[in-house]
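Here are my notes on the model you sent. Please read them with the structure open.

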Amino acid sequence: MPVQKANPKKLNALQARTLALAQILAKNPNSGVIDAQTGEGTITRLPHGHGDHVHVGEFVVAARDASGFSNPSVWVALARKGLAQEGYPQTVILTAEGMEYDTGLAEHFVSESDH
(Lines give C-alpha, C1' and ligand atoms only; values in the text may rest on other atoms or scores of the structure.)
Protein backbone atom coordinates (compact mmCIF):
# COMPACT_ATOMS: atom_id res chain seq x y z
CA MET A 1 0.00 0.00 0.00
CA PRO A 2 1.57 3.35 -1.01
CA VAL A 3 2.18 5.94 1.67
CA GLN A 4 -0.22 8.85 1.35
CA LYS A 5 1.53 12.20 1.12
CA ALA A 6 0.58 15.12 3.31
CA ASN A 7 -2.00 17.59 2.02
CA PRO A 8 -3.46 15.55 -0.88
CA LYS A 9 -6.30 18.09 -1.39
CA LYS A 10 -3.73 20.84 -1.94
CA LEU A 11 -4.93 23.19 0.76
CA ASN A 12 -3.24 26.56 0.61
CA ALA A 13 -1.01 27.55 3.53
CA LEU A 14 -3.73 29.43 5.44
CA GLN A 15 -6.27 26.63 4.98
CA ALA A 16 -3.76 23.97 6.08
CA ARG A 17 -2.68 25.93 9.17
CA THR A 18 -6.29 26.60 10.14
CA LEU A 19 -7.27 22.95 9.72
CA ALA A 20 -4.26 21.72 11.71
CA LEU A 21 -5.12 24.06 14.58
CA ALA A 22 -8.83 23.22 14.36
CA GLN A 23 -7.97 19.52 14.71
CA ILE A 24 -6.08 20.31 17.93
CA LEU A 25 -8.99 22.38 19.27
CA ALA A 26 -11.58 19.73 18.43
CA LYS A 27 -9.58 17.04 20.23
CA ASN A 28 -9.11 19.15 23.38
CA PRO A 29 -11.97 18.68 25.89
CA ASN A 30 -11.73 22.35 26.88
CA SER A 31 -12.49 23.54 23.35
CA GLY A 32 -14.06 20.67 21.42
CA VAL A 33 -16.09 17.51 21.32
CA ILE A 34 -15.58 14.43 19.16
CA ASP A 35 -18.68 12.51 18.11
CA ALA A 36 -17.77 8.88 18.81
CA GLN A 37 -20.18 7.56 16.18
CA THR A 38 -19.38 9.87 13.27
CA GLY A 39 -15.82 10.91 14.07
CA GLU A 40 -16.74 14.57 13.53
CA GLY A 41 -15.15 17.19 15.73
CA THR A 42 -17.10 20.20 16.94
CA ILE A 43 -15.15 23.21 18.15
CA THR A 44 -17.00 24.66 21.10
CA ARG A 45 -14.63 27.56 21.72
CA LEU A 46 -12.44 29.33 19.18
CA PRO A 47 -9.36 30.95 20.73
CA HIS A 48 -8.86 34.69 20.89
CA GLY A 49 -5.40 36.13 20.48
CA HIS A 50 -3.67 38.28 23.00
CA GLY A 51 -0.61 40.10 21.89
CA ASP A 52 1.29 38.18 19.26
CA HIS A 53 0.05 34.71 20.19
CA VAL A 54 -2.99 32.48 20.67
CA HIS A 55 -3.47 29.56 23.06
CA VAL A 56 -4.63 26.44 21.23
CA GLY A 57 -5.10 23.70 23.80
CA GLU A 58 -1.78 23.30 25.60
CA PHE A 59 0.08 25.01 22.76
CA VAL A 60 1.03 28.60 22.00
CA VAL A 61 0.72 29.61 18.36
CA ALA A 62 1.74 32.84 16.65
CA ALA A 63 -1.37 34.95 16.08
CA ARG A 64 -0.57 35.22 12.36
CA ASP A 65 -0.72 31.40 12.10
CA ALA A 66 -4.21 31.38 13.62
CA SER A 67 -5.62 34.17 11.45
CA GLY A 68 -7.72 31.70 9.45
CA PHE A 69 -10.08 31.20 12.38
CA SER A 70 -11.66 34.58 11.65
CA ASN A 71 -11.58 34.28 7.85
CA PRO A 72 -14.92 33.04 6.43
CA SER A 73 -13.36 32.14 3.07
CA VAL A 74 -11.11 29.58 4.78
CA TRP A 75 -14.13 27.79 6.21
CA VAL A 76 -15.96 27.92 2.86
CA ALA A 77 -12.94 26.29 1.18
CA LEU A 78 -12.63 23.62 3.88
CA ALA A 79 -16.35 22.84 3.53
CA ARG A 80 -16.07 22.69 -0.28
CA LYS A 81 -13.23 20.17 0.06
CA GLY A 82 -15.28 18.01 2.47
CA LEU A 83 -13.12 18.74 5.53
CA ALA A 84 -15.60 20.91 7.45
CA GLN A 85 -19.34 21.40 7.48
CA GLU A 86 -20.93 24.64 6.40
CA GLY A 87 -22.09 26.77 9.29
CA TYR A 88 -19.22 29.08 10.24
CA PRO A 89 -19.32 31.30 12.32
CA GLN A 90 -22.27 29.84 14.26
CA THR A 91 -20.75 26.39 14.37
CA VAL A 92 -17.39 24.94 13.44
CA ILE A 93 -17.55 21.22 12.74
CA LEU A 94 -14.78 19.23 11.11
CA THR A 95 -15.92 16.16 9.21
CA ALA A 96 -14.38 12.79 10.05
CA GLU A 97 -12.15 13.26 6.99
CA GLY A 98 -11.19 16.71 8.26
CA MET A 99 -10.28 15.29 11.65
CA GLU A 100 -7.95 12.71 10.06
CA TYR A 101 -6.55 14.87 7.26
CA ASP A 102 -2.76 15.14 7.28
CA THR A 103 -1.80 18.75 6.65
CA GLY A 104 1.85 17.98 7.35
CA LEU A 105 1.99 21.12 9.47
CA ALA A 106 0.88 20.39 13.02
CA GLU A 107 4.36 19.83 14.41
CA HIS A 108 5.84 22.89 12.68
CA PHE A 109 4.19 25.76 14.48
CA VAL A 110 2.98 24.62 17.88
CA SER A 111 4.92 24.65 21.12
CA GLU A 112 3.76 23.92 24.64
CA SER A 113 2.74 26.95 26.62
CA ASP A 114 4.77 28.08 29.60
CA HIS A 115 1.88 30.17 30.95
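1. Start with helix α2, residues 72-80. In this predicted model, its buried residues are Val74, Trp75, Ala77, Leu78 and Ala79. They pack against α1 (13-27) and β5 (92-94). Just after α2 comes Gly82, with a positive phi of about 80°.

2. Now the core. The largest nonpolar core holds 24 residues, and Trp75 and Leu78 have the most contacts inside it. Elements giving two or more residues to this core are α1, β3, β4, α2 and β5. The largest share, 7 residues, comes from α1. As a general point, nonpolar side chains tend to be buried together in soluble globular proteins.

3. Look at Leu78 in detail. Which residues does Leu78 contact, leaving aside its neighbours within four places in sequence? They are Leu11, Gln15, Leu19, Leu83 and Ala84.

4. The hairpin of β3 and β4 is worth a look. Strand β3 covers residues 53-56 and strand β4 covers residues 59-62; they pair in the antiparallel sense over 4 bridges. Val54 has Val61 as its bridge partner in β4. There are 2 residues between the strands, and Gly57 takes a positive phi near 60° in this hairpin.

5. How many salt bridges does a search of the whole structure find? It finds 2. In one, Lys9 is joined to Glu97, with the closest N and O atoms 3.2 Å apart. Lys9 lies in the segment before α1 and Glu97 in helix α3 (residues 96-100), so the pair ties together parts that are 88 residues apart in sequence. Lys9 is partly exposed, at 30% relative accessible area. Glu97 is partly exposed too, at 40% relative accessibility.

6. Another salt bridge joins Asp65 and Arg17, with the closest N and O atoms 3.5 Å apart. This pair links distant parts of the chain: Asp65 sits in the loop between β4 and α2, Arg17 in helix α1, and they are 48 residues apart. Is Asp65 buried or exposed? Asp65 is buried, with a relative accessible area of 14%.

7. Check the backbone next. Most residues other than glycine have a negative phi, and most peptide bonds are trans. Asn7 is not a glycine, yet has a positive phi of about 60°. Lys10, also not a glycine, has a positive phi of about 55°.

8. Tyr88 and Pro89 are joined by a cis peptide bond, with omega about 10°. Pro89 is in the loop between α2 and β5.

9. Last, the whole chain. The protein chain has 3 helices and 6 strands. From the N terminus on, its elements run α-β-β-β-β-α-β-α-β. Of its 115 residues, 41% count as buried. Among contacts with a separation of 6 or more, 59% are between residues 24 or more positions apart. The accessible surface comes to about 6600 Å², and 53% of it belongs to carbon and sulfur atoms.

Definitions and conventions
Residues numbered from 1 in each chain as written. Predicted model: local features only at pLDDT ≥ 70, side-chain atom pairs only at ≥ 80, totals over all residues. Heavy atoms only, no water. Pairing = 2+ DSSP bridges. Buried < 20%, exposed > 50% of the residue type's maximum accessible area, 1.4 Å probe, protein only. Contact = heavy atoms within 4.5 Å. Core = buried A, V, L, I, M, F, W, Y, C linked by side-chain atoms within 4.5 Å. Salt bridge = Lys/Arg side-chain N within 4 Å of Asp/Glu carboxyl O. Areas by Shrake-Rupley, 256 points an atom, 1.4 Å probe, with all protein chains shown as cover.
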